[in-house]
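Visitor: I have not seen this structure before; could you show me how to read some of its features, one at a time?

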Amino acid sequence: MEKIDSQVIKNERVKFLQFLSKAGLRVSQGRELVFDEVIHTHGHFTAEELAKLCAEKKDVSRATVYRVLRDLLEAGIIRETAFGDKHHHFEHVYDEKPHHHAQCVRCHSFIEFPDKKEDEVYHPYLKKQGFKILGHEMHFYGICKACQDGQQ
């Protein structure tokens, strides 16, 4: 597991606290615990995985985890992606360069590829329509090389 820069954690915590204050939400033990688990989780994770982690540490309800995930999304700390699964996945914004995903429909592995500034085309239009953008994603689905070669 890679170590997170303490300044990054402080910056993300400030961003989250500012969001909560602006939204009129209080800082609770549950919110603090979920934030800490999220900030120390690397890569993609699901709400259920996060709920299990939080339950192991302290009695935090699944509903609290889901509510705090929505708060973290709106605060711009994490982003959500579906990967075509029934469960949505989340990842940090702070340690990610803008990217998209391609997923194999056989083995479910995925490839991340760089964003090519698609937002410069769509964001101005949506903002003009009064739409508050929380993020965007692009997914490609297909069959990875290993599955094509019969290695999976």
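This is a predicted model: local features need pLDDT of at least 70, side-chain atom pairs count only at pLDDT 80 or more; totals for chains, interfaces and linings use all residues.

Visitor: Which side chain meets R70 in a salt bridge?

Guide: Side chains of opposite charge can pair when their charged atoms come close. A salt bridge is counted here when a side-chain nitrogen of Lys or Arg is within 4 Å of a carboxyl oxygen of Asp or Glu. The partner of R70 is E80, at 3.2 Å from N to O. This pair links distant parts of the chain, as R70 belongs to helix α4 (residues 62–74) and E80 to strand β2 (residues 78–81), 10 residues apart; helices (H or I, at least four residues) and strands (E, at least two) are DSSP runs numbered from the N terminus. E80 counts as partly exposed, at 22% relative accessibility.

Visitor: How many salt bridges does this rule give?

Guide: The count comes to 8 salt bridges. In one of them, E37 is joined to K57, with the closest N and O atoms 3.0 Å apart. E37 lies in helix α2 (residues 29–39) and K57 in helix α3 (residues 47–57), so this pair ties together parts that are 20 residues apart in sequence. E37 counts as buried, at 10% relative accessibility, whereas K57 is exposed, at 56%. A salt bridge also forms between D149 and K145, whose closest N and O atoms are 3.0 Å apart, and R13, E32 and D36 are linked in a network of salt bridges.

Visitor: What is the order of the strands in the open sheet?

Guide: Strands of a sheet pair through backbone hydrogen bonds, either parallel or antiparallel. In this analysis two strands pair if DSSP finds at least two bridges between them. The open sheet has 3 strands in the order β5-β4-β6, with mixed pairing. Strands β5 (110–114) and β6 (139–142) stand at the edges, each with a single partner strand, so one side of each is left without a neighbour in the sheet. Strand β4 (residues 99–104) runs parallel to β6 and is joined to it by 4 bridges, and C104 has G142 as its bridge partner in β6.

Visitor: How many disulfides does a search of the whole structure find?

Guide: A disulfide is a pair of cysteine sulfur atoms within 2.5 Å, and the search finds 0 of them. For C104, the closest cysteine sulfur is that of C147, 3.7 Å away and too far for a bond. C104 counts as buried, at 3% relative accessibility, and C54 also counts as buried, at 0%.

Visitor: Where does Y141 lie, and is Y141 buried, exposed or partly exposed?

Guide: Y141 lies in strand β6 and counts as partly exposed, at 46% relative accessibility.

Conventions
Residues are numbered from 1 along each chain as its sequence is written. Side-chain values use heavy atoms; hydrogens and water are left out. Buried means under 20% relative accessible area, exposed over 50%, partly exposed in between (1.4 Å probe, protein chains only).
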